[in-house]
Amino acid sequence: MTSNAEQLLAGKGRSRLVMIIGALFAALAAAGLIGMGSHFLIVITHVLDGSIAYSRNFAIYNALWIIFFISFLIAGISLIISGVRRKLHDLVPGISLYLAGASLIVIGFYLFIYDELIYAAVAMLVGLTLMIVEWFSKTI
């Protein structure tokens, strides 16, 4: 006979899958943060020097990617924690998905301005999807 507390826990297989997905998200986000962080430092030095005129926009673009990767990292860590706790609902805090989606939409606008239409459409579509998923995040 199982107790009420055990019935409210996710199965071991599902919890492992959530932890694996969370670890994958966290690893990808960490790699993105390392790459964009070092690139951001180079761009910021050019902004402070005033040597490249377009570097302010490029610095904002890089900062948006950093916001995306931080939000994605938080979502990955949250998935790992939810898997360990065997949670069934509310696996990812909504604000991390919202920030990731919003940053991708703004990145999409930057790409659109610089005539990267396919990449802009993909970034905006993925960002919108993340924001819609955030809307239903209590059930995920």
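The accessible surface of the protein chain amounts to about 8,900 Å², and carbon and sulfur atoms account for 74% of this area. These values refer to a predicted model. Of the 140 residues in the chain, 33% are classed as buried.

The overall dimensions were examined next. The C-alpha trace of the protein chain spans about 70 × 25 × 20 Å along its principal axes. The radius of gyration is 18 Å, whereas a compact globule of 140 residues would have a value near 14 Å. Among contacts between residues at least 6 apart in sequence, 68% join residues that are at least 24 apart.

The secondary structure consists of 5 helices and 0 strands. Read from the N terminus, the order of elements is accordingly α-α-α-α-α.

Helix 3 comprises 31 residues, and the distance from its first C-alpha to its last is 44 Å, close to the 45 Å expected at 1.5 Å a residue. This helix covers residues 55–85 and includes N62. The relative accessibility of N62 is 1%, and N62 is therefore counted as buried, the cut-off being under 20%. Leaving aside residues up to four places away in sequence, N62 is in contact with M36, H39, F40 and V43. Just after helix 3, R86 adopts a positive phi of about 55 degrees.

Helix 4 is formed by residues 94–113, and its 20 residues reach 29 Å from the first C-alpha to the last, a span close to the 28 Å expected at 1.5 Å a residue. The buried residues of helix 4 include the glycines G94, G101 and G108, as well as S96 and S103. Also buried in this helix are L97, A100, L104, I105, I107, Y110 and L111. An α-helix has 3.6 residues a turn, so residues three or four places apart point the same way. The cover over the buried residues of helix 4 includes helix 3 and helix 5, the latter formed by residues 117–135. Helix 4 is followed by D115, for which phi is likewise positive, near 60 degrees.

Terms used: Residues numbered from 1 in each chain as written. Predicted model: local features only at pLDDT ≥ 70, side-chain atom pairs only at ≥ 80, totals over all residues. Heavy atoms only, no water. Helix = DSSP H or I, 4+ residues; strand = E, 2+ residues; numbered from the N terminus. Rg over C-alpha atoms; globule rule 2.2 N^0.38 Å. Buried < 20%, exposed > 50% of the residue type's maximum accessible area, 1.4 Å probe, protein only. Contact = heavy atoms within 4.5 Å. Areas by Shrake-Rupley, 256 points an atom, 1.4 Å probe, with all protein chains shown as cover. Expected span 1.5 Å × (residues − 1).
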